[in-house]
Each structure stands twice: as C-alpha cells, then as structure tokens.
Amino acid sequence: MLDPKFLRNDIEKTAELLANRGFKLDVDLINSLEEKRKSLQIQTESLQAERNSRSKEIGMAAKRGEDIAPLREQTAELGAQLDAAKEEFTALAAQIQEIAYTIPNLPHESAPIGKDEDENVEISTWGTKKSFDFEVKDHVDLGEALGGLDFKSAVKISGSRFIVMQGQIAKLHRALAQYMLNLHTNHHGYTEMYVPLLVNADSLYGTTQLPKFGDDLFNTKPATEEGVGMSLIPSAEVPLTNMSRDVIYDEADLPIKITSHTPCFRSEAGSYGRDTRGLIRQHQFDKVELVQFVHPEKSFEALEEITMHAEQVLKNLELPYRKVVLCTGDMGFSATKTYDLEVWVPAQETYREISSCSNVGDFQARRLQARFRPAGKKKPELIHTLNGSGLAVGRTLVAVLENYQLEDGRIEIPTVLQHYMGGLTHIG
RNA sequence: GGAGAGGUGGCCGAGUGGCCGAAGGCGCUCCCCUGCUAAGGGAGUAACGAGUUUAUAGCUUGUUCGAGGGUUCGAAUCCCUCCUUCUCCGCCA
C-alpha cells in the first residue's frame with residue numbers, strides 16, 4: 001500500500017509516476033473522496049469528543065449523588081447523531097481503502113519507462129550458449145525418453161499443468177533445490193526456514209496477493225462473506241515476508257536474510273494457451289526463495305546483492321543467462337524495481353525467466369506494520385522488504401536438461417550437482 | 001475431538017461499569033550521587049490515525065487492553081461469535 005500522504009499531498013506527481021506503469025489514477029475521484037473524508041472525520045471525531053466529555057460529566061455527577069437522568073437523555077440523542085456520522089465515515093473510509101488497495105507501488109526512478117516486456121532493458125549476459133551439432137530436443141522429449149518426466153500420469157492424478165517425476169530426474173530436481181539452499185545458507189548469509197504452505201488471509205493481504213490477485217490462488221474453501229479459509233502459497237515470499245508482520249526490529253538486527261525451499265501453487269488463471277507444453281508453467285512447482293528485511297536506505301543496495309545471489313546459482317550451474325531490468329509497465333504490483341534473470345532455453349532458442357528479484361520498498365511493510373526502531377530514536381520506521389527467486393527449481397531443471405543434453409539423449413550432470421547425485425556424471 | 005484456565009504497553013503483572021491509556025515491577029533514556037566497578041536517588045518512557053503546521057517538533061483530538069459484533073450516557077471490566085495459548089483426557093506421523 002502506498003503512503004496515503006502521497007494521495008493527499010502530492011497526488012499529481014503520484015498519478016504521473018503511476019501512469020508510467022500503465023496505471024491510471026482517478027485523481028478527481030480520490031480528491032473528492034478525500035475532501036469528504038476530511039470533513040466527515042473531523043465531524044465524527046468532534047461528536048465523539050463531545051460524547052466522551054459528557055459521559056465523564058455524568059460519571060462525576062453520579063459520584064456526587066446528583067440525578068443523572070436528564071443528562072443521560074440528552075446524551076442519548078447525541079449518540080444517535082454520532083452513530084449516523086460514524087456509519088457514513090466507515091463506509092467512506094472503506095471505499096477509499098478499497099481504491100488504495102488496488103494502487104500499485106511507485107516505480108523507482110532507475111526503472112526504465114516502458115509499456116510492456118518488449119521494453120525491458122538487458123543489463124548483461126553471462127556464459128556461452130553451447131553450439132549443438134545435432135538437433136536439440138526440448139525437455140519434454142528428453143524427460144519422457146528417459147522415463148523421468150511423466151505428464152500422462154500427472155494428468156490422470158490431478159490434471160494438466162502438473163508433473164510426476166521419477167528416478168534420476170526426480171533426484172536431479174531434488175539435488176538442484178538442495179544445492180541452491182546450501183549455497184545461500186553457507187555462502188550468502190541466509191537463514192534456512194521451514195514454513196507453512198497454507199496461509200491465512202491476513203498474510204495474503206500483507207504481501208499484497210489480496211485483495212487484487214485472489215484468482216491466482218488455490219483456496220481451501222470457496223470465498224464467502226465469512227472469508228476464504230486458508231490458501232496454498234503462490235510463493236514462499238508470503239510466509240517468509242509475513243515473518244515481519246507486526247514486528248518492531250532493533251536497527252542492529254537488520255538486515256535479516258531468510259530463505260526457504262517450498263512448493264508454490266498458482267492457479268494460472270487467464271494464462272490458458274501459454275506455455276501449455278512442458279514444465280515452464282505449472283500449477284505446482286518448487287522454488288527456493290530469498291527474502292531480506294533491510295534498512296530503508298539500504299534497499300537498492302540489497303536489490304543488487306539479492307540478484308547477485310540468484311545469479312550465482314546460474315553461474316555455478318554454468319547455465320547461460322541474461323539479466324534484465326523490468327520497465328515500468330512490466331513490473332509486478334508491489335515492486336519499485338525488478339531484475340529478471342532469464343536462462344537460455346536451447347529448444348526455444350530464447351531466454352526464459354527463471355528468477356525475479358524485487359525491491360518492494362515500504363509497500364508491503366506498510367500493510368505488514370513491519371518496522372524497526374532506529375538507534376537512539378523513539379519512533380519506529382517501516383523497513384523495506386525484498387524478495388527474489390534463487391531459483392525456480394522446475395525451470396532450472398528444464399534449463400539443465402536442455403543445455404546439458406547429449407546427442408544420444410543422455411544428460412550430463414553439472415559438476416556442482418554430481419556430489420548430490422552420488423557421484424553420477426550422466427543420466428540415461 | 002472432550003473438559004478446564006488464560007490472552008492487558010518492549011517484557012512481567014494488577015485491574016469486574018465512570019479522572020484507567022491503564023497501579024507496581026523489569027528493561028530502556030536522561031540527570032544526580034559515588035575517585036573505577038557494584039549499589040543508590042530523581043525524572044521520563046505505548047502504538048496508530050485525523051486536524052493545525054515548513055516540520056517525522058509542538059498543540060488539539062480520535063482509536064486501540066487477542067479479533068469482530070452487542071448492551072450502556074459511558075466497556076479492559078457485562079453478553080455473543082471467532083482466533084489463539086496453557087493444563088488434563090482422547091487420537092495420531
């Protein structure tokens with residue numbers, strides 16, 4: 001959620017920045033609602049103040065043994081007025097909040113301005129694309145031929161966009177996740193976390209999946225007026241980032257760096273027809289997530305760092321990739337700035353997203369009430385939160401299968417993973 | 001799943017209808033005292049929102065005692081629902 005002060009004091013500038021990401025802020029509507037809010041709030045609060053002081057008087061009169069019946073009657077009338085004002089104010093405040101919830105974060109000035117993914121800017125490329133002197137197969141053909149990817153069984157058991165993995169491929173998938181976790185905990189300073197995969201609505205509001213993106217979630221109960229029950233996490237970002245909810249950290253505790261390997265569940269509503277083949281877009285996939293809570297002045301520094309941590313996985317796996325900074329029009333709802341890492345996928349002859357690292361600024365922290373107490377100061381301030389995939393495990397498996405394929409259909413195992421595979425050098 | 005007892009400020013803990021936003025303690029900050037240290041004395045110390053303001057200063061004001069409803073002129077205190085913690089029993093990887 002944006003700082004409401006932006007909407008009150010600097011709405012034109014805010015609208016301009018939001019326009020960069022293709023969001024049209026209804027300035028006139030907000031201005032008129034705000035104006036109403038202000039007068040209504042003043043009115044309501046002064047009625048409340050009046051009631052409070054009268055009630056106090058009644059209490060004192062009662063103590064003196066005076067007759068309080070007439071006073072009570074008078075105040076009862078005031079109460080009716082107050083109830084009406086309160087009701088009106090609550091409705092208006094709810095309307096304003098509903099709008100506020102749908103406003104995305106302001107892009108940072110260093111994010112390039114653009115409409116959509118075509119205007120993302122490549123920052124760097126790494127690694128050499130292997131030249132294959134045979135026709136490359138995609139991971140589906142490779143995996144099925146090796147008996148390790150079983151799409152048919154997954155359809156039978158659950159439906160499309162699920163996968164059954166088997167044998168060495170299942171093990172390779174596990175090895176990838178283990179390797180990533182070990183790298184981040186042993187070398188990048190993250191603390192490993194085991195977290196719930198089912199979360200409550202408060203958590204989803206905290207990380208801004210709700211109220212706007214509820215359709216992307218799998219819920220344990222259909223949404224009703226009573227609530228939605230619990231939801232399967234779309235990313236470990238949700239439980240990890242919610243660790244900070246309603247916490248006031250000591251400044252010395254920052255930065256906090258945590259990581260977790262979890263399955264992620266996404267309904268992928270609205271993406272029918274895209275990436276229907278293979279493991280690229282699944283309802284369930286594994287991911288190793290990196291989350292940092294940092295001092296507000298350090299968050300852009302931290303974004304570079306967290307991105308580097310994700311890049312290190314690709315480098316160590318010797319997978320060619322490129323780093324892209326998302327333009328304002330392609331950034332996620334809560335991000336101020338995002339780097340995507342895209343891995344080379346030989347069969348598609350293109351780079352595909354495998355990690356997304358974002359500085360969220362105080363956007364989530366405001367909803368989470370995630371704060372720290374600056375040394376020597378009384379007032380707590382909002383922290384900044386960051387998250388990054390380090391990496392999406394399923395897509396990394398795709399990249400390994402395709403980039404490490406041999407002409408005979410076998411897969412070479414990247415050096416750093418061989419240890420995790422019991423010394424195995426090839427699959428197949 | 002059953003029975004019982006709880007949830008109060010950074011922490012502990014008192015408070016069963018009216019100067020209670022909340023005694024007391026711990027912690028923390030500042031000051032005094034003590035030639036260091038330990039101890040002692042004094043003062044201060046919740047969050048969030050609105051208005052005013054150059055101001056995250058001050059002032060005025062509202063809300064918040066697990067959450068949400070209700071009763072009342074007035075609720076930490078009474079009633080209802082939910083969440084959650086602990087103890088005992090049951091079940092269980």
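1. L391 sits in strand β15, which covers residues 384-392. It's worth a look in this predicted model, since the peptide bond joining G390 and L391 is cis, with omega about 10°. For context, most peptide bonds are trans.

2. There's another cis bond to check, from L254 to P255, where omega is near -5°. Here P255 is in a loop, the one between β7 (248-250) and β8 (256-265).

3. On to phi. Most residues other than glycine have a negative phi. E349 isn't a glycine, yet its phi is positive, about 50°. You'll find E349 in the loop that runs between β11 (337-345) and β12 (350-361). With a relative accessibility of 65%, E349 counts as exposed.

4. Q369 is a non-glycine residue with a positive phi too, near 55°. Look for Q369 in the loop between α11 (363-368) and β13 (371-373). Its relative accessible area is 31%, so Q369 is partly exposed.

5. Now the cysteines: searching the whole structure turns up zero disulfides. C327 is in none, and the nearest cysteine sulfur to it, that of C357, is 17 Å away. C327 has 0% relative accessibility, so it counts as buried.

6. What about C357, buried or exposed? C357 is buried, because its relative accessibility is 0%. The closest cysteine sulfur to that of C357 is in C264, and at 14 Å it is too far for a bond, because a disulfide needs the two sulfur atoms within 2.5 Å.

Key
Residues numbered from 1 in each chain as written. Chains lettered and ligands numbered in written order. Predicted model: local features only at pLDDT ≥ 70, side-chain atom pairs only at ≥ 80, totals over all residues. Heavy atoms only, no water. Buried < 20%, exposed > 50% of the residue type's maximum accessible area, 1.4 Å probe, protein only. Helix = DSSP H or I, 4+ residues; strand = E, 2+ residues; numbered from the N terminus.
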